[in-house]
Amino acid sequence: MRKLSLQYFILFPLIIASLFIFLSAELPHKDNQSWLDEAKRVESSTVLLRNAPGLVPIKDIVSNRIASVNIGFRYALTFDSLLNKFAKVDKFSSSKYTEALGLDKLNTDLKLYQTVIVQLTDSTVSDPGILHFILDLSKSKSVLLVLFGEAQSLKHLDNVEVPVIWTAEKSEVSATHTAQLVFGGVESKARLSTTVSRFFKKGDGFEIGAIRLKYTVPEELGIRTEDLALPVDKIMSEALTAKATPGAVVMVVKDGKVIFNKSYGSHTYSSKEKDKVEDIFDLASVTKISATTIAAMRLCEQGKIDLNQGLGTYLPIARSTTKNDLTLKELMLHEGGLTPFIPFYRNIKPVDFNRDSSGLYSVKVADGYYLRKNYYEEVMLPQMLRSSINKRGKYEYSDLSMYFLKEAIERQSALPLNQYVEREFYQPLGMQTAGFNPRMRFPKSRIIPTEQDLLFRKTLLEGYVHDQGAAMAGGVAGHAGLFASSNDLAILFQMILNGGTYGGVKYFEPSTISLFTSRQSETSRRGLGFDRWDPETGTYPSKLASPQTFGHTGYTGTCVWVDPQYKLIYIFLSNRVNPQVSDKLSTLKIRPRIQDAIYEALRKART
């Protein structure tokens, strides 16, 4: 059995205050500019070689199980962290394998992966055992080599016919750039400037374009870090001091580039657990556009739903009610005259719930609270269908509209809403946290707590939807229930901003996006499912936003706003309802003021 040479696999000490300090805009302008200068040098000299199979950029991230193997690269943590911005990539390090087992054990552990990314340096690539390991892997898997170091080291790969990303630099910057190149976050145009061997000649190199988000610093777009970070920091400091929210994450995407992604505060006021940009938040009504509306858009394109048809067309039990002829368009514009809100939890009887789960009590509403099976179908949905209709044709915001739209979506897709959007959007886009009922997939430590529910569930809500009705519906509803991180929302809405394409995959026709996001009402500012810029005030959602702006806010203290004129996405995630509901986030105008500050930073960059 082959043994590993320890000289190749000793990990270098890595003392980094933050892997993504440049992404969170902590560095001053001068340091960021230096980082950007180095990034440009790395980009201009990083070469993609032997990409004839078209492996780079990796496009399939649904059926493709991907691993990253580090063989002696000092900045593997940074490299692997960037990879995981795009897709789930499991990391391995050769240093973790003993000499007795060596590369054969590592090779065995990789048996269930379709694609393996191997990080090498000029000091490890010459090892015959490593080369044999790579050749053996390539017999059954797609292998991509990322080589850091002297160009002459490429000659050791003459007989290894797999794609190679080569850069001379060994740094955090080169780790950041090459990882993004793997998934098409950055483009590649460089070619070899010298001949290394008859297999790696001067002028060799493949060109690819960027197809996904790029993670960079504001200076790349001519924005001074101080002009963006300082005002946002100041507003967030005010929010935390006033206890408008225990914590938050702010994200800014401009021109397809993430230029600001920073967390503030803690999970709760009493918690020592600081918020992180990877944390998962209850999105509340942002669910309406991030799940229900995009599902309706897909089915509309496929001809499976007609927005001008009545609800009874898709929900047979509605046919004998006053909801029969309410069109899907009226529902999406909130013009059906529906009751705004029904406090379903107030009608729960002792026989309807239990503190322990069983076959009868199977709907988990929170820790230690189980609702009886089919309560939504037998009690809630009939109650909604019996509710009164008032002022039809006038704007009246109602959660019931999205309850009903969800029913139509599930009837026409033959799938529960959560499964449909996961299959059609979240998985292929690389959204790793987005989904309903996150406690089924993630530990509590990754999910931001919401309210200390004193009236209904009598517990702190950790990973269970804050909205009572959505919780009683099993955590999956059309108006609430979706959880996600800021990065996932950035991916989703960059696809929307791109006109329906992301990662080389077309999800929508541009005309469909234009239809749903533009103003479609004569009585309100609304689009179809989407909220929009308010022409009456000119200050919502921001006094500087363009009239093209669309998005939505959420009751838990969230918002997503997309401004096509500026190619801008603004994301704000918080848990302002913890421990109890507070209106300070709104009265202090925290979200719009931060959005204003973003536009001001853009304005300064243009002057």
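**Group meeting: a walk through the model**

Let's start with one residue. Asp255 sits in the loop that links strand S8 (247–254) to strand S9 (257–265). Its phi is positive, about 55°, and Asp255 is not a glycine. Buried or exposed, or in between? Asp255 is partly exposed, at a relative accessible area of 32%. Keep in mind that this is a predicted model.

Ala284 is the next stop. Ala284 also is not a glycine, and its phi is positive at about 55°. Look for Ala284 in the loop between strand S10 (281–282) and helix H8 (287–301). Ala284 counts as buried, because its relative accessibility is 7% and the cut-off for buried is under 20%.

Now step back to the whole chain. We have 17 helices and 23 strands. Along the principal axes, the C-alpha atoms fill a box of roughly 80 × 60 × 50 Å. Of the 607 residues, 58% are buried. Take the contacts with a separation of 6 or more: 67% of them are between residues 24 or more positions apart.

The chain exposes about 24,000 Å², and carbon and sulfur atoms supply 51% of that. There are 75 positive and 64 negative side chains. The centres of those two sets lie 1 Å apart.

Next, a helix. H5 covers residues 128–138. Which of its residues are buried? They are Gly129, Ile130, Leu131, Phe133, Ile134 and Leu137. Asp127 caps the N-terminal end of H5. One of its side-chain oxygens lies 2.8 Å from the backbone nitrogen of Gly129.

Now a histidine. His334 is in the loop between helix H9 (328–333) and strand S11 (353–354). Its relative accessible area is 2%, so His334 is buried. What does the side chain of His334 make a polar contact with? The partner is the side chain of Ser401, at 3.4 Å. Leaving out residues up to four places away in sequence, His334 touches several others, including Lys288, Lys394, Glu396 and Arg526.

Last item: cis peptide bonds. One joins Val56 and Pro57, with omega about 0°. Pro57 is in the loop between strands S1 (47–49) and S2 (66–70). Another joins Tyr540 and Pro541, with omega about 5°. Pro541 lies in the loop between strands S20 (531–532) and S21 (550–554).

That's the tour. Questions are welcome.

Methods:
Residues are numbered from 1 along each chain as its sequence is written. This is a predicted model: local features need pLDDT of at least 70, side-chain atom pairs count only at pLDDT 80 or more; totals for chains, interfaces and linings use all residues. Side-chain values use heavy atoms; hydrogens and water are left out. Helices (H or I, at least four residues) and strands (E, at least two) are DSSP runs, numbered from the N terminus. Buried means under 20% relative accessible area, exposed over 50%, partly exposed in between (1.4 Å probe, protein chains only). Contact means heavy atoms within 4.5 Å. Accessible areas come from the Shrake-Rupley method with a 1.4 Å probe; for residues, only the protein chains shown count as cover. Lys and Arg count as positive and Asp and Glu as negative; His and the chain ends are not counted. The place of a charge is taken as NZ of Lys, CZ of Arg, CG of Asp or CD of Glu. A polar contact is a pair of N or O atoms within 3.5 Å; within protein, one must be able to donate a hydrogen and the other to accept it, and residues adjacent in sequence count only if both atoms are side-chain atoms.
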